[in-house]
Amino acid sequence: MTTEAHTKSSFGTAAYGGAGWVPRQMSHAQELGKLWASYRIDSEWRTLRAVIVHSPGPELDDDLDLEKSLMLEPLDGGKAREEHAAMCEAYRSAGIDVHHVRPEGRATPNQMFCADLFVMTPQGAIIARPAGQVRAGEERMMARRLADLGVPILKTLTGTATFEGADLMWLDEHTAMIGRGHRTNQEAIDQITTVLAEIGCETIPVDMPFGTMHFMGMLRTLDRNLAVCWPRRTPLATVRALQDRGYNVIFPPYEDDSASYRAMNFVTLGPRKILMVAGLAKYQDFLEEHQIECVPVVTDELSKAAGSVGCLTGVLARDVAP
Ligand SMILES: NC(=[NH2+])NCCC[C@H](N)C(=O)O
């Protein structure tokens, strides 16, 4: 049976471009905070508003093969969970929203290292593609949760690209620097360069030495014009790019690899205020001499998994440039 609606011509109706058609009014950037959530970052130092974490569960109670699971020492799941809960509490007390990944099924032991699973940009997230087989798929749990939170996903990496979020740092509102190394390859850098160019941002790649993990461990930003770099490990091009942008680059005292690594693994809560690993008196004194307010949290147990505050924290939102 043919109804009237089926016989009438569709030509000239709004659906086919007729006068009643209302084109989309805003750009993607303008829709952030309206259609999409307003989560974004354009710096590593502006006031932190929201983070995403995975509070470890029973996955840490398994008898883990340390090498296979990329851990340094056997860890006590109970203690690790307590430390993680205290870290989340420290964020909440600082007024920061804490979201949880809540992966489906049993999580993998490194799922808690959320900084590696995505990176935020001024207009949405880039989903990582972790380099090690044992972490493959952790990013899917993150992507699912980010989508639920209303975060636009600008890019999911393809091909054999590997990228971990802790390898990308914002130098200014229009410039990201990526460390090419053990976890992030050129194919990923090419893809990220393209997607960032689409939103008007430049990507500067730098090489990292063999035996290092993430670019995050070489550069941390404390304020608009203050950055801390790891002496003798930070690429020359990184220090110069920072100085060219007006940063004062400071170098903490070097103790040993383990302490220096944990010292660099802080999260900037806002200009000159950081959440850092407790028990690093020498570094804390150094940072306090530079008028940095340090909020310490204990991560002795979590650190045995080869990461700490910075690695455990997926930065979702900061204030952005006016
Ligand atoms: N951003 C970081 N530094 N993450 C630390 C990740 C540690 C983890 N065991 C891995 O090797 O992948």
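How much space lies in the largest pocket? About 630 Å³. This is a predicted model, in which local features need pLDDT of at least 70 and side-chain atom pairs count only at pLDDT 80 or more, while totals for chains, interfaces and linings use all residues. Residues are numbered from 1 along each chain as its sequence is written, and side-chain values use heavy atoms, with hydrogens and water left out.

**The largest pocket**

- A pocket here is an open set of points on a 1 Å grid over the protein atoms alone, with protein on both sides within 12 Å along at least five of seven lines. Grid points are joined across faces, edges and corners, and a volume is the space filled by probe spheres set on the points.
- The largest pocket, with its volume of about 630 Å³, is lined by 27 residues, and the closest to its centre are Leu-72, Gly-211, Met-213, Tyr-261 and Ala-306. To count as lining, a residue needs an atom within 4 Å of a point.
- By class, this pocket lining holds 11 nonpolar, eight polar and eight charged residues. Nonpolar covers Ala, Val, Leu, Ile, Met, Phe, Trp, Tyr, Cys and Pro; charged covers Asp, Glu, Lys and Arg; the others, Gly among them, are polar.

**The cavities**

- A cavity is a set of grid points where a 1.4 Å probe fits but cannot get out, and the model has three cavities of 30 Å³ or more.
- The largest cavity holds about 220 Å³ of space. Of its 19 lining residues, Glu-44, Ala-115, Met-216, Thr-313 and Val-315 are the closest to the centre.
- Strand 3 (118–121), strand 6 (168–172), strand 12 (267–270) and strand 15 (314–318) each give at least two residues to the lining of the largest cavity. Strands are DSSP runs of E with at least two residues, helices are runs of H or I with at least four, and both are numbered from the N terminus.
- The lining of the largest cavity divides into 11 nonpolar, five polar and three charged residues.
- The second largest cavity has a volume of about 90 Å³, and its lining includes Leu-70, Met-213, His-214, Ala-306 and Cys-311. Six nonpolar, three polar and three charged residues make up that lining.

**Loop residues to look at**

- Leu-70 sits in the loop between strand 1 (48–53) and helix 3 (77–93). Its phi is near 60 degrees, a positive value in a residue other than glycine.
- Leu-70 counts as partly exposed because its relative accessibility is 33%; the class lies between buried, under 20% relative accessible area, and exposed, over 50%, using a 1.4 Å probe and protein chains only.
- Glu-73 is also placed in the loop between strand 1 and helix 3, and with 43% relative accessibility Glu-73 is partly exposed. Glu-73 touches Leu-66 and Lys-304, leaving aside residues up to four places away in sequence; contact means heavy atoms within 4.5 Å.
- Ala-306 belongs to the loop between strand 14 (293–297) and helix 9 (309–312). Its phi, near 80 degrees, is likewise positive in a residue other than glycine, and a relative accessible area of 9% makes Ala-306 buried.

**Strands and their pairing**

- Three strands form an open sheet in the order 9-10-11, with mixed pairing. Strand 9 (219–223) and strand 11 (248–250) are at the edges with a single partner strand each, so one side of each has no neighbour in the sheet.
- Strand 10 (residues 226–229) and strand 11 run parallel, paired over three bridges; two strands pair if DSSP finds at least two bridges between them. Leu-226 has Asn-248 in strand 11 as its bridge partner.
- Strand 12 and strand 13 (residues 273–277) are antiparallel and joined by three bridges, with Thr-268 opposite Ile-274 in strand 13.
- These two strands form a hairpin with two residues between them, and Arg-272 in the turn has a positive phi of about 60 degrees.

- Ala-143 is part of helix 4 (residues 138–148) and is buried, at 18% relative accessible area.
- Beyond residues up to four places away in sequence, Ala-143 touches Ile-127 and Ile-153. The C-alpha atoms of Ala-143 and Thr-156 are separated by 8.9 Å, with the two residues 13 apart along the chain.
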